[in-house]
Amino acid sequence: MRDRFRDLEGPLAVRKKDVVLMATVSSFESLSRPTRSELRQFAELFTPLFQASSEQAKRQAVAALSQCETMPAAVALFIGNQPIEIAAPFLIASKAIADDTLITIARMQGAAHVKAIVSRDSLSPKVIDALVALRQTQPRAAAASAPITEPVTVPLSPVQVESNEAEALEEQRVANEEALRGRILDLASHLGRDDKDRLGLRTLTDVQEALLVRFARSHEATHFATALADALSASRWLAERIMLDLSGQQLGTTLTSLGMGFLDAVFVLERFYPHLAEQQHNVTRGWMVLDALDPEECHERVEAWRRADRYTYKAEAPDSDTSRRTETHRFIRQAPVQRDMRALGRRSR
C-alpha cells in the first residue's frame with residue numbers, strides 16, 4: 001500500500017502545481033488595473049510555478065495570459081522565450097508585449113518565433129525595421145579541411161626527431177588526400193542537383209518571405225518595397241520600379257528568382273494587382289503569369305537588373321568643368337592636320 005502511494009506522489013504533486021498555476025493566472029486575469037506591487041508579486045510567483053507544471057498546464061496558462069491587457073515585462077520576455085509550441089499564441093495575440101521585448105525575442109530565438117511575431121495583427125514601424133534588418137544566421141556545414149597536427153615534443157635523440165617528422169609529414173599527406181577526395185565528391189554531387197536545390201542562388205529567408213506576404217496582405221506597398229530591396233541587396237529605387245510594372249510580370253519574375261513559394265507569389269501578385277485575381281480557365285491570371293515563367297530566365301533577368309542598379313549608384317558623375325575639358329580635348333584630337341595632309345598627298349599620287 002505504501003509503495004502505491006509513493007508511485008502516485010509524483011503525479012499528484014504535478015497536478016497540485018498545475019492547479020496552483022491556473023489559480024494564480026485566474027486571479028491575475030481578474031485584476032482590471034493591477035498595481036506595481038501586484039505585478040511584482042505575480043512575476044515572482046509565476047516563473048517557479050510555470051517551470052514546475054506540466055506541458056498542458058503551461059499551454060493553458062499562456063493562452064489565458066495572451067488575452068491580458070497588462071503584463072510584467074519580465075513575464076512577457078520569459079513566455080516569449082519558451083518553445084514555439086507554447087509561446088506561439090502569446091506572441092501572436094498578446095497586446096501586453098512591448099516593442100523592445102518583441103525585438104529582443106526575435107534576436108534571441110529562431111525563425112519560428114519571428115514568423116509568429118510577423119503574424120501579429122499590428123506591428124509598429126520600429127519592430128518592422130528591426131525585422132527587416134534582422135538576419136537569421138543558420139549554421140553551415142564546415143568544409144573538409146586538414147586536421148591541425150599538435151606540436152610534437154622534441155626529444156634529445158636526433159633519430160627520434162627524424163622519425164617523428166616523417167610520421168607528421170605522412171599524416172599531413174593523408175589528411176590532404178582525404179580533404180581533396182571530399183571536395184571532389186562534393187563537386188560531383190552537385191552535377192546531379194535537382195531543381196529545388198538553390199545552392200549559390202539568392203534565396204529568401206523564412207523571415208523575409210513572411211514579411212513580404214504580410215505586407216502584401218495589408219497593402220503596405222512602402223514596407224513591401226523596403227523588404228524587397230533588402231532581399232535583393234539592391235536600392236529601393238529598383239524595388240519600386242519593379243512594383244510599378246502593372247502587368248505584374250517584373251514582380252513575378254523577381255519572386256520566382258528569389259525562390260518564393262508558388263502559392264505565396266500568386267497571393268502577392270493578386271493583392272497588389274487586383275486585375276490578376278480574375279478567373280480564366282479555372283485559374284487566376286496571376287497564376288498564369290507565374291506558371292509561364294522560366295526560373296533560369298528569371299535568375300538572369302534579376303541579376304541583370306541588380307548589376308544595372310549597382311552601376312547606377314556606384315559613383316557620382318564627374319564635375320562639369322572636367323567633362324567639358326575632356327570633351328574639348330577629344331574634339332581637338334579627332335582630326336589631326338598632318339594625318340589629313342598625308343592622306344591627301346597619297347591620294348594625289
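Guide: What follows sets computed values against their cut-offs, for a model that is predicted.

Visitor: Why is the contact between R173 and E170 called a salt bridge?

Guide: The N to O distance between their side chains is 2.4 Å. The cut-off is 4 Å between a Lys or Arg nitrogen and an Asp or Glu carboxyl oxygen, so the pair qualifies.

Visitor: How are R173 and E170 placed in helix α9?

Guide: They are three residues apart in α9 (residues 158–191), so about one helical turn separates them.

Visitor: What makes R173 "partly exposed"?

Guide: Its relative accessible area is 40%.

Visitor: Why is R306 called buried?

Guide: R306 has 8% relative accessibility. Buried means under 20%, so R306 is on that side of the cut-off. Its salt-bridge partner is E303, with the closest N and O atoms 3.0 Å apart. E303 is partly exposed, at 29%. Both residues lie in helix α16 (residues 295–312), three residues apart.

Visitor: How many salt bridges does the structure hold?

Guide: Six.

Visitor: Is E38 buried or partly exposed?

Guide: E38 is partly exposed, with a relative accessible area of 28%. Buried would need a value under 20%, so that label is ruled out. E38 is in helix α2 (residues 36–52). Leaving out residues up to four places away in sequence, E38 touches L31 and R33.

Visitor: Which residues have the most contacts inside the largest nonpolar core?

Guide: F46, L65, M71, L131, F224 and L251, in a core of 75 residues. M71 is in contact with F42, L65, A76, F90 and A96, its neighbours within four places in sequence set aside.

Visitor: What makes the largest cavity a cavity?

Guide: A cavity is space where a 1.4 Å probe fits but cannot get out. This one has a volume of about 40 Å³. The count of cavities of 30 Å³ or more comes to one.

Visitor: Which helix gives the most to the lining of the largest cavity?

Guide: α10, with three residues. The helices α8, α10 and α11 each supply at least two. By class, the lining has six nonpolar, one polar and one charged residues. L131, from the list of core residues with the most contacts, is one of the lining residues.

Notes: Residues are numbered from 1 along each chain as its sequence is written. This is a predicted model: local features need pLDDT of at least 70, side-chain atom pairs count only at pLDDT 80 or more; totals for chains, interfaces and linings use all residues. Side-chain values use heavy atoms; hydrogens and water are left out. On a 1 Å grid over the protein atoms alone, a cavity is a set of points where a 1.4 Å probe fits but cannot get out, and a pocket is an open set with protein on both sides within 12 Å along at least five of seven lines; lining residues have an atom within 4 Å of a point. Grid points are joined across faces, edges and corners, and a volume is the space filled by probe spheres set on the points. Helices (H or I, at least four residues) and strands (E, at least two) are DSSP runs, numbered from the N terminus. Ala, Val, Leu, Ile, Met, Phe, Trp, Tyr, Cys and Pro count as nonpolar, Asp, Glu, Lys and Arg as charged, and the others, Gly among them, as polar. A nonpolar core is a set of buried Ala, Val, Leu, Ile, Met, Phe, Trp, Tyr and Cys residues joined through side-chain atoms within 4.5 Å. Buried means under 20% relative accessible area, exposed over 50%, partly exposed in between (1.4 Å probe, protein chains only). Contact means heavy atoms within 4.5 Å.
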